[in-house]
Amino acid sequence: MKNRREYDSALAAEYALGTLRGLAQMRFKRRIRRDPRLAVDVARWQSLFTQLDNQLTPLEPPERVWKRLELQLPPLNVRHIKPNRWSYLGWAVAAGLAALLVIPRLLVEPPLAVPVAVLSNSQQNGQWVVSLEKSTRNLTLTPLNPIAVSNNNSLELWSIPAGEKPHSLGLLNTHGPTHLILAENQLSGNSLLAISLEPHGGSPTGQPTGAVLFSGPLQNL
């Protein structure tokens with residue numbers, strides 16, 4: 001069961017996405033004016049979603065979807081159709097309705113990855129967006145800009161729970177997204193994520209040995 005803080009964070013995310021509508025949106029907007037903490041939550045989600053927008057790629061339906069659409073549409077009887085604009089409009093409406101009915105059944109949406117952190121450098125510039133798909137424990141790190149690292153070095157991701165030593169989560173790809181599968185309880189809500197510069201292949205000691213280049217707290221776990 002979600003506590004009040006988690007519930008408000010979910011509402012802030014919906015508000016930032018624009019999916020909170022009607023009375024719920026009006027009530028939440030009034031709460032934002034009275035509660036600075038909610039305003040900060042909304043601003044945080046807006047920042048995370050804005051950065052993720054740059055990494056999204058359009059999803060093009062496969063060819064089989066269009067084939068199924070053609071089969072769902074009524075046959076076109078050319079002999080009995082007068083070539084006027086109303087006929088074409090009717091066919092277009094039918095096609096649109098068929099698409100609304102058929103496409104959701106044919107396309108299976110991938111699990112939703114939720115933004116959980118933005119890792120910044122010492123200048124507080126967001127450089128990495130971290131998203132987590134909770135059901136599969138798939139952690140995705142996306143660099144907003146390519147990171148220049150020599151062939152003798154690697155970037156390593158660390159989880160640092162409060163009061164504990166860092167735990168390595170794996171090495172990172174510097175020129176594109178990195179996907180890491182986490183073990184159970186490998187992340188906790190009070191952890192800090194950090195990226196350090198290590199020798200090629202990762203730290204030889206199991207602990208960070210190089211400079212910490214990016215870091216940020218986990219949120220919305």
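**Group meeting: a fold of helices and strands**

At 17% relative accessibility, Arg137 counts as buried. Here buried means under 20% relative accessible area, exposed means over 50%, and partly exposed covers the range in between, with a 1.4 Å probe and protein chains only. What I am showing is a predicted model, in which local features need a pLDDT of at least 70 and side-chain atom pairs count only at pLDDT 80 or more, while totals for chains, interfaces and linings use all residues. Residues are numbered from 1 along each chain as its sequence is written, and side-chain values use heavy atoms, with hydrogens and water left out.

To stay with Arg137 for a moment: this residue sits in the loop between S2 and S3. Its phi is near 60°, a positive value in a residue other than glycine. As background, most residues other than glycine have a negative phi.

Let me turn to the overall layout. The protein chain has five helices and eight strands; helices (H or I, at least four residues) and strands (E, at least two) are DSSP runs, numbered from the N terminus. In sequence order the pattern is α-α-α-α-α-β-β-β-β-β-β-β-β. Of the 221 residues in the protein chain, 33% are buried. Among contacts with a separation of 6 or more, 59% join residues 24 or more positions apart, a contact being heavy atoms within 4.5 Å.

I begin with the helices. Which residues of H2 are buried? They are Phe28, Arg31 and Ile32. Seen down the helix axis, the buried residues of H2 fall within an arc of 105°, so they line one face; the arc is that of the directions from the helix axis to the C-beta atoms. The face of H2 turned away from this buried side carries the exposed residues Leu23, Arg33 and Arg34. As for length, the 13 residues of H2 should span 18 Å at 1.5 Å a residue, and the end C-alpha atoms are 19 Å apart, which agrees. The expected span is 1.5 Å times one less than the number of residues.

Rings of Phe, Tyr and Trp (its six-membered ring) pair if their centres lie within 6.5 Å; planes under 30 degrees apart count as stacked, over 60 as edge-to-face and the rest as tilted. By this rule there are two aromatic pairs. Tyr15 and Phe28 form a tilted one, with 5.6 Å centre to centre and 45° between the planes. This pair links distant parts of the chain, Tyr15 in helix H1 (residues 4–17) and Phe28 in helix H2 (residues 22–34), 13 residues apart. Tyr15 is partly exposed at 21% relative accessible area, whereas Phe28 is buried at 2%.

Trp128 and Phe214 form an edge-to-face pair, 6.2 Å centre to centre with 65° between the planes. Trp128 lies in strand S2 and Phe214 in strand S8 (residues 212–217), so the pair ties together parts 86 residues apart in sequence. Trp128 is buried at 0% relative accessibility, and Phe214 is buried at 7%.

Finally, the strand pairings, where two strands pair if DSSP finds at least two bridges between them. S4 and S7 pair in the antiparallel sense over eight bridges, and Ser159 stands opposite Leu193 in S7. Is Ser159 buried or exposed? Ser159 is buried, with a relative accessible area of 0%. Leaving aside neighbours within four places in sequence, the contacts of Ser159 include Lys165, His167, Gln186 and Leu193. S7 also pairs with S8, antiparallel over five bridges, and the bridge partner of Ala194 in S8 is Ser215.

S3 and S6 pair in the antiparallel sense over four bridges, with Ile181 of S6 as the bridge partner of Asn138. In a regular strand the side chains alternate between the two faces of the sheet. Strand S6 (residues 178–181) has a covered face, Thr178 and Leu180, and an uncovered one, His179 and Ile181.
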